[in-house]
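This report describes selected features of one protein model. Please keep the sequence and the structure at hand while reading.

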Amino acid sequence: MATLTVRADTGKAMPEHLSHSKRFGTAQYDHFFADAMAQIHAEQRYRVFADLERMAGDFPRALWHGPSGSQEVIIWCSNDYLGMGQYPSVIAAMTEAAKRLGTGAGGTRNISGTTHPLLELEIELADLHHKEAALVFTSGYVSNQTGISTIAKLVPDCVILSDALNHNSMIEGIRQSGCEKRIFRHNDHRHLEELLRTVGRGRPKLIVFESLYSMDGDIAPIRRICDLAKYYGAMTYLDEVHAVGMYGPRGGGIAERDRVMHRIDVIEGTLAKAFGCLGGYIAGTVTLIDAVRSYAPGFIFTTALPPPICAAATAAIRHLKVSHSERCAHQDRVQRVKAELNGARLPVMASGSHIVPLRVGDPAKCKAASDMLLEAHRIYIQPINYPTVARGTERLRITPSPCHDDIMISQLVAALSEVWDELGLPRGSAA
């Protein structure tokens, strides 16, 4: 009879022969991983994942499976900004597609995975951004990583100009392109122009930036960047992941709101935030999209999005193209939260968007504040520490939704005030 050994990390039984193999086969490597984790702990940035169970129809409430069992909590940091992940027509589209077509895509796009719901989704996305075509990826991260690298590689002698606070997915895309890069100071169009001038008008260039930066909540000077791109002959690549569905008459993003969408060459977005589903995409000309489709490893060699997800995302996009109530209610809640936090003299970092960051400035206290809110007040706000933000700028990132009512907002402000006092955190402006 086989002997079982109990694993320390899970408390579950493991066959003795596997335990023996682990001790004598790979133990020589474990210290590398242990050293790496010791460094994370020493820097006070070890991440703990909360075990949450969202409740459809009752967002932002969720069940937290914590040390003391399951308890109801209020989520204040979800990227499901408009609550579309629980919207009836979105759920209905997903369940109907699953019943009719099954759960998985069955393969890559080239090998039986190009399902009809996926093609309908790409048509819907191209229409959303008034572009000729769109291409769907398995995530927003992959769409940036493989989209940027492929586009830049296909342009001979291309130099990439990148905002200093671009998302890691964009940084990885730039790195994998192998192209020369120039970093311009965050949202500083004057510095961008200096770099463009040094590159020269004759050399191919790609300007890569975001419309709305998710950790500070600030917005790029898109019109000015487009002016510079036109003058210096550069392509523009705009990440709208935190803005699609949220801004513009049809939810096309900040570029649509500011009436400059037609001036952007490539728009990248996500289906996992305001649209409440999963996946990423780029939109542009037919020629560009076809080239990425044909050359991008991150597109070619991965399984396509399942039909139910595609159907749900399409339903969410179609709804938000014509419905303004979610965006209006959302902006009302955002302004109410900001006003009450400022009234309590909590250090709200100024932003012109729906992102509401509260500056803490210390990794240990940032995590302690998050733990106290969850354990004592049943409020979940994940701490944002390095490397997501720079050291010394640690924060709590609050994302109100149309589903957060006045009582929830009052409870949030009272809980934060109590935590701030208990931790001795400074009050007043975060500027």
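The sections below treat the basis of the model, one arginine, a sheet with its packed helices, and one further helix.

## Basis of the description

The model is predicted; local features need pLDDT of at least 70, side-chain atom pairs count only at pLDDT 80 or more, and totals for chains, interfaces and linings use all residues. Residues are numbered from 1 along each chain as its sequence is written, and side-chain values use heavy atoms, with hydrogens and water left out.

Arg61 lies in strand β4, which covers residues 61-66. Helices (H or I, at least four residues) and strands (E, at least two) are DSSP runs numbered from the N terminus. The relative accessible area of Arg61 is 27%, which makes the residue partly exposed, the class between buried (under 20%) and exposed (over 50%), with a 1.4 Å probe and protein chains only.

Leaving aside residues up to four places away in sequence, Arg61 touches Met55, Glu72, Val73, Ile74 and Met408; contact means heavy atoms within 4.5 Å. The side chains of Arg61 and Glu72 are also joined by a polar contact of 3.3 Å. A polar contact is a pair of N or O atoms within 3.5 Å; within protein, one must be able to donate a hydrogen and the other to accept it, and residues adjacent in sequence count only if both atoms are side-chain atoms.

## The seven-stranded sheet

An open sheet of seven strands runs in the order β6-β12-β11-β10-β9-β7-β8, with mixed pairing; two strands pair if DSSP finds at least two bridges between them. Its edge strands, β6 (133-137) and β8 (180-184), each pair on one side only. From one strand to the next, the twist averages 20°. Strands β11 (residues 266-270) and β12 (residues 280-284) run antiparallel and are joined by four bridges, and Glu268 stands opposite Ile282 in β12.

Helix α8 (residues 189-199) packs on the sheet and touches β7, β8 and β9; its direction makes about 150° with that of β8. Helix α9 (residues 222-232) also packs on the sheet, touching β9 and β10, and its direction makes about 175° with that of β9. Axes are lines fitted to C-alpha atoms, for helices over the stretch in contact, and angles run from 0 to 180 degrees between N-to-C directions.

In helix α11 (residues 286-295), the buried residues are Leu288, Ile289 and Val292. Seen down the axis of α11, these residues fall within an arc of 95°, so they line one face of the helix; the arc is that of the directions from the helix axis to the C-beta atoms. The buried residues of α11 pack against β6, α6 (140-153), β10, β11 and β12, whereas Thr287 and Tyr295 are exposed on the other side of α11.
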